[in-house]
Amino acid sequence: MRLRNVPGSRETLAASDCCYETPAQLKGRWHEVFGNQNPVRIEIGMGKGRFITQLAFQNPDINYIGIEKYSSVLVRALEKLEEEKPANLRLIRMDAEEIEKIFVPGEVERIYLNFSDPWPKDRHAKRRLTSGAFLKRYEHILRPDGILEFKTDNRMLFDFSLESVKEAGWKLLDYTCDLHHSPMAEGNVMTEYEEKFSSRGNPICKLTAAHPGVR
Ligand code: SAM
């Protein structure tokens with residue numbers, strides 16, 4: 001998802017009190033930002049933010065951080081928060097390649113990846129958010145009892161991701177290739193893309209995996 005040329009989007013984000021730009025100064029200090037010791041869960045590639053915003057409203061005792069590469073997309077999420085903003089939600093504009101700049105080891109309890117860009121060409125496989133290179137980054141910032149959750153309708157990306165988590169030593173906890181008709185659907189929160197693709201009849205795949213530290 002890329003909305004090009006939203007004039008002034010960077011300025012809008014800079015003026016917001018819940019948005020940051022690669023906030024390296026907050027590394028290891030997220031509990032100060034939220035003013036509590038509650039666990040921190042992040043969504044990487046949050047798009048317009050429907051999923052993470054709904055989770056934040058549902059679970060006030062968990063802190064949520066949505067990460068998005070493009071200010072033109074993030075500004076849409078911010079617009080939706082104008083009426084009511086949950087106190088336990090923050091948004092960051094940055095490329096997830098730099099994720100270790102903003103979290104110390106073990107600072108994150110859960111990572112959500114939803115409908116990540118598939119990068120279908122083999123030569124771009126490293127850019128997939130479930131590639132070995134990204135899993136290494138997640139391994140560093142996630143607590144040893146932390147969990148990764150991934151949803152997509154793209155079967156090629158899903159099969160790649162199943163292999164990738166196993167190769168990286170993560171423990172595959174559960175998976176389905178038809179989420180909406182599986183027991184894993186309990187408590188499922190739909191994302192914008194999930195709604196769009198499932199309304200076209202595409203089955204949704206989901207996997208959950210535990211940090212390699214868990215044996
Ligand atoms: N998660 C949302 C959903 O399910 O509706 C949006 C899915 S959209 C296909 C993927 C999003 O991930 C885009 O908004 C894109 O800009 C963002 N993204 C892709 N690569 C990223 C990266 N390396 N770091 C941060 N965000 C990224």
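A residue is described as partly exposed when its relative accessible area lies between the limit for buried residues, under 20%, and that for exposed residues, over 50%. In the predicted model examined here, Lys-69 falls into this intermediate class, with a relative accessible area of 37%. The side chain of Lys-69 forms a salt bridge with Asp-95, with a separation of 3.6 Å from N to O. Lys-69 belongs to the loop between strand 3 (63–68) and helix 4, whereas Asp-95 belongs to the loop between strand 4 and strand 5 (108–114), so the pair ties together parts that are 26 residues apart in sequence. Asp-95 is likewise partly exposed, at 24% relative accessibility.

The model contains 16 salt bridges. Among them is the pair formed by Lys-85 and Asp-17, whose closest N and O atoms are 2.9 Å apart. Because Lys-85 is located in the loop between helix 4 (71–80) and strand 4 (89–93), and Asp-17 in the loop between helix 1 (9–15) and strand 1 (19–21), this pair connects parts that are 68 residues apart in sequence. With 40% relative accessibility, Lys-85 is partly exposed; Asp-17, at 59%, is exposed.

A further salt bridge joins the side chains of Lys-80 and Glu-192, with an N to O distance of 2.7 Å. Here the partners are both helical: Lys-80 lies in helix 4 and Glu-192 in helix 7 (residues 192–199), so the contact ties together parts that are 112 residues apart in sequence. Lys-80 is exposed, at 51% relative accessibility, while Glu-192 is partly exposed, with a relative accessible area of 21%.

Attention now turns to the ligand. The space that the ligand takes is the largest pocket. Around the ligand are 18 residues, of which Gly-45, Glu-68, Ala-96, Thr-191 and Tyr-193 come nearest. On the side of ligand nitrogen, an N or O atom in the side chain of Glu-43 lies 3.3 Å from a nitrogen atom of the ligand. Taken alone, the ligand exposes 600 Å², and the protein buries 96% of that area.

Key
Residues numbered from 1 in each chain as written. Predicted model: local features only at pLDDT ≥ 70, side-chain atom pairs only at ≥ 80, totals over all residues. Heavy atoms only, no water. Salt bridge = Lys/Arg side-chain N within 4 Å of Asp/Glu carboxyl O. Helix = DSSP H or I, 4+ residues; strand = E, 2+ residues; numbered from the N terminus. Buried < 20%, exposed > 50% of the residue type's maximum accessible area, 1.4 Å probe, protein only. Near = heavy atom within 4 Å. Polar contact = N/O pair within 3.5 Å; in protein donor to acceptor, adjacent residues only side chain to side chain. Areas by Shrake-Rupley, 256 points an atom, 1.4 Å probe, with all protein chains shown as cover. 1 Å grid on protein atoms, 1.4 Å probe; cavity = no way out; pocket = protein on both sides within 12 Å on 5 of 7 lines; lining within 4 Å. Sits in = over half its atoms within 2 Å of the grid points.
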